[in-house]
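Let's take a friendly walk through this structure together. Keep the sequence and the coordinates open as you read.

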Amino acid sequence: MDLVFYTLQLGFFCMDFDLISKSIDKAKNLFEEGGDWERKNRLKVYEGLYCLSTRNFKKAADLFLDSISTFTTYELFPYDTFIFYTVLTSIISLDRVSLKQKVVDAPEILTVIGKIPHLSEFLNSLYDCQYKSFFSAFAGLTEQIKLDRYLHPHFRYYMREVRTVVYSQFLESYKSVTIEAMAKAFGVTVEFIDLELSRFIAAGKLHCKIDKVAGVLETNRPDAKNALYQATIKQGDFLLNRIQKLSRVIDL
C-alpha cells in the first residue's frame, strides 16, 4: 500500500493522470484484501485530488468532506489547502441545506477558514445572500485559484460554474426582477449583468428570459414533473426503436 501511495505522489508530481487512475484502482483492490482505516482515509484524499484535477468537482467534494475529520495526508498539501479545496468544490456541488450542514457550520472548517484570505467571506456571503460581498471575495480569490497547479487548468470553467450558482440562487427568489435591481445587488453595472445573463441563458445555464424593453428578468423554472414526463417519453421512444431493430434482425 505504501508503494502505491508513493506511485500516486509521483503521478501527481508529473500530472500523469493515467498512472494516478491505475494506482487508485490498484489501491482499492488491495483494500479488498485487507487494509487499515488510516490508509483508506488517505486514499480518499488522493482520489479527491484526482477528481479535482480531472474536473469531477462533485465527487471531489464528497471525498474531501468524508476526510475532514480524519485528514493525515500532509505529504500532498497542508490542512489549510485541503480546506481551501473542500470549500471551493462544495460551493458548486452542494445544495444550500447540505452546504450549511457540511461546510458553513462544520467545526473543522470553522477553525481553519479564517486563515485563508477571502475564503470565509466567499462562503458565508454566498449562503447569506450578500451578493456584493460575494463578488468582492470572489475577485480576491481568483488569483489564488489561477496560481494553483491543480485548479489552474479549470480556472475559466470554475469561474463560470460559481457564477451560475450565485445567479441561480438570486433568481430563485423572484418570478420577475428588474435588471437594475440585480445589478445593484451584485454591485456591478446594468450593462455587465445584462451581458453576463445573456451568455448564461444562451448556454442553458439559467432558466429565465430578458425583457429588454421593460428592463426586466422573468424566470421560467422548469417543472420537475414535466421534465420527468419528457424524459420518460424520450426513453420509451428509444426503447421502441431498439425493439423494432431487434425484431428485424430476428426475422432475418
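This is a predicted model: local features need pLDDT of at least 70, side-chain atom pairs count only at pLDDT 80 or more; totals for chains, interfaces and linings use all residues.

Residues are numbered from 1 along each chain as its sequence is written, and side-chain values use heavy atoms, with hydrogens and water left out.

Let's begin with the rings. The structure holds 30 aromatic pairs; rings of Phe, Tyr and Trp (its six-membered ring) pair if their centres lie within 6.5 Å, with planes under 30 degrees apart counted as stacked, over 60 as edge-to-face and the rest as tilted. Take Phe57 and Tyr158: their ring centres are 5.9 Å apart and their planes stand at 75°, so this pair is edge-to-face. Because Phe57 belongs to helix H4 (residues 57-67) and Tyr158 to helix H10 (residues 155-172), the pair ties together parts that are 101 residues apart in sequence. Helices (H or I, at least four residues) and strands (E, at least two) are DSSP runs, numbered from the N terminus. Both partners are buried, Phe57 with a relative accessible area of 4% and Tyr158 with one of 2%; buried means under 20% relative accessible area, exposed over 50%, and partly exposed in between (1.4 Å probe, protein chains only).

A second pair to find is Tyr167 with Phe186, whose ring centres lie 5.4 Å apart with planes at 70°, so this pair is edge-to-face. Tyr167 is in helix H10 and Phe186 in helix H11 (residues 179-186), 19 residues apart, and the pair links distant parts of the chain. Tyr167 is buried at 0% relative accessibility, and Phe186 is buried at 1%.

Elsewhere, ring pairs join a cluster whose members include Phe5, Phe64, Tyr79 and Tyr150. Phe5 also has a charge over its ring: the charged end of Arg42 sits there, 4.2 Å from the centre. The charged end of Lys40 likewise sits over the ring of Trp37, 4.9 Å from its centre. Here, a charge sits over a ring if NZ of Lys or CZ of Arg is within 6 Å of the ring centre and within 35 degrees of the ring normal.

Back in H4, the buried residues are Phe57, Ala60, Ala61, Leu63, Phe64, Leu65 and Ser67. Helix H3 (37-53), helix H5 (79-91), helix H6 (96-104) and H10 are among the elements that cover them.

H10 also holds Thr164, which is buried with a relative accessible area of 10%. Its side chain reaches the backbone oxygen of Arg160 at 2.9 Å. Leaving aside residues up to four places away in sequence, Thr164 touches Phe200, Lys205 and Leu206, where contact means heavy atoms within 4.5 Å.

Finally, look at the open sheet of 3 strands, ordered S1-S3-S2 with antiparallel pairing; two strands pair if DSSP finds at least two bridges between them. Strands S1 (176-178) and S2 (208-211) stand at the edges with a single partner strand each, so one side of each is left without a neighbour in the sheet. S1 is joined to strand S3 (residues 216-219) by 3 bridges, and Val177 has Leu217 as its bridge partner in S3. H11 packs on this sheet and touches S1, S2 and S3, its direction making about 70° with that of S1. Axes are lines fitted to C-alpha atoms, for helices over the stretch in contact, and angles run from 0 to 180 degrees between N-to-C directions.

Conventions: A polar contact is a pair of N or O atoms within 3.5 Å; within protein, one must be able to donate a hydrogen and the other to accept it, and residues adjacent in sequence count only if both atoms are side-chain atoms.
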